[in-house]
Amino acid sequence: MGGSWSSSSSSSSSSEKRVGSEMALPKAKDIVASTPSSSSARHIVPTAIRFKQLLAQLGANFKAIELDVESDGSEIQSALLAWTGQRTVPNVFIGGKHIGGCDTVTAKHNEGKLVPLLTEAGALATAAA
């Protein structure tokens with residue numbers, strides 16, 4: 001099961017914030033490229049919680065970037081909006097491809113398309129039920 005990815009950087013001055021904003025997109029893209037399944041999320045958002053529960057139920061290996069915990073979470077969310085056009089969380093990637101949010105992931109699961117995507121991406125060792 002996936003866990004939280006954490007950052008050790010903190011931004012306080014305006015120049016540090018600008019540097020943080022400039023680094024947020026490459027950081028997000030690196031996470032997406034380095035894991036079979038990833039999402040940006042917030043601990044208290046019900047759709048993000050449902051998404052993580054679904055992947056855990058399927059036994060998927062995933063990484064959740066908890067934007068409300070990350071020191072640069074706002075910058076990462078803004079970078080993801082610029083990259084994907086999606087502001088809401090979870091913002092899901094499977095196999096390096098942007099999938100969408102919880103509704104899209106749930107629909108793919110209900111259509112029998114999620115497990116094959118996760119398996120092909122290497123997020124599942126074998127097809128789950």
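Author: The crossing of helices α2 and α4 is left-handed, a word used when the near helix is turned anticlockwise from the far one by less than a right angle, with right-handed used for clockwise. Helices (H or I, at least four residues) and strands (E, at least two) are DSSP runs numbered from the N terminus. The model is a predicted one, in which local features need pLDDT of at least 70 and side-chain atom pairs count only at pLDDT 80 or more, while totals for chains, interfaces and linings use all residues. Residues are numbered from 1 along each chain as its sequence is written, and side-chain values use heavy atoms, with hydrogens and water left out.

Two packed helices are described by the angle between their axes and the distance between the axes. Axes are lines fitted to C-alpha atoms, for helices over the stretch in contact, and angles run from 0 to 180 degrees between N-to-C directions. Helix α2 covers residues 46–58 and helix α4 residues 102–110; they pack at about 30°, with axes 9 Å apart. The two are therefore roughly parallel to each other (under 35 degrees; over 145 is roughly antiparallel, 65 to 115 roughly perpendicular and the rest oblique).

On the α2 side of this contact (heavy atoms within 4.5 Å) are T47, R50, F51, L54 and L58, and on the α4 side C102, V105 and H109. These residues divide into five nonpolar, two polar and one charged. Ala, Val, Leu, Ile, Met, Phe, Trp, Tyr, Cys and Pro count as nonpolar, Asp, Glu, Lys and Arg as charged, and the others, Gly among them, as polar.

Helix α2 also packs on helix α5 (residues 114–121), at an angle of about 70° and with the axes 12 Å apart. That makes α2 roughly perpendicular to α5. Here L54, L55 and L58 of α2 meet L114, V115 and L118 of α5. This contact divides into six nonpolar residues, no polar and no charged.

From the N terminus on, the order of elements is β-α-β-α-β-α-β-β-α-α. Of the 129 residues, 40% are buried, a word for under 20% relative accessible area, with exposed over 50% and partly exposed in between (1.4 Å probe, protein chains only). Among contacts with a separation of 6 or more, 66% are between residues 24 or more positions apart.

H98 lies in strand β5 (residues 97–100). With a relative accessible area of 33%, H98 is partly exposed. Leaving out residues up to four places away in sequence, H98 touches T84, Q86, N91, V92 and F93. Its side chain makes a polar contact of 3.2 Å with that of Q86 and another of 2.6 Å with that of N91. A polar contact is a pair of N or O atoms within 3.5 Å; within protein, one must be able to donate a hydrogen and the other to accept it, and residues adjacent in sequence count only if both atoms are side-chain atoms.

S38 sits in strand β2 (residues 37–41) and, at 2% relative accessibility, counts as buried. With the sequence neighbours up to four places away set aside, S38 touches I31, V32, K63, N91, V92 and F93.

Q77 belongs to helix α3 (residues 73–84) and is buried at 17% relative accessibility.
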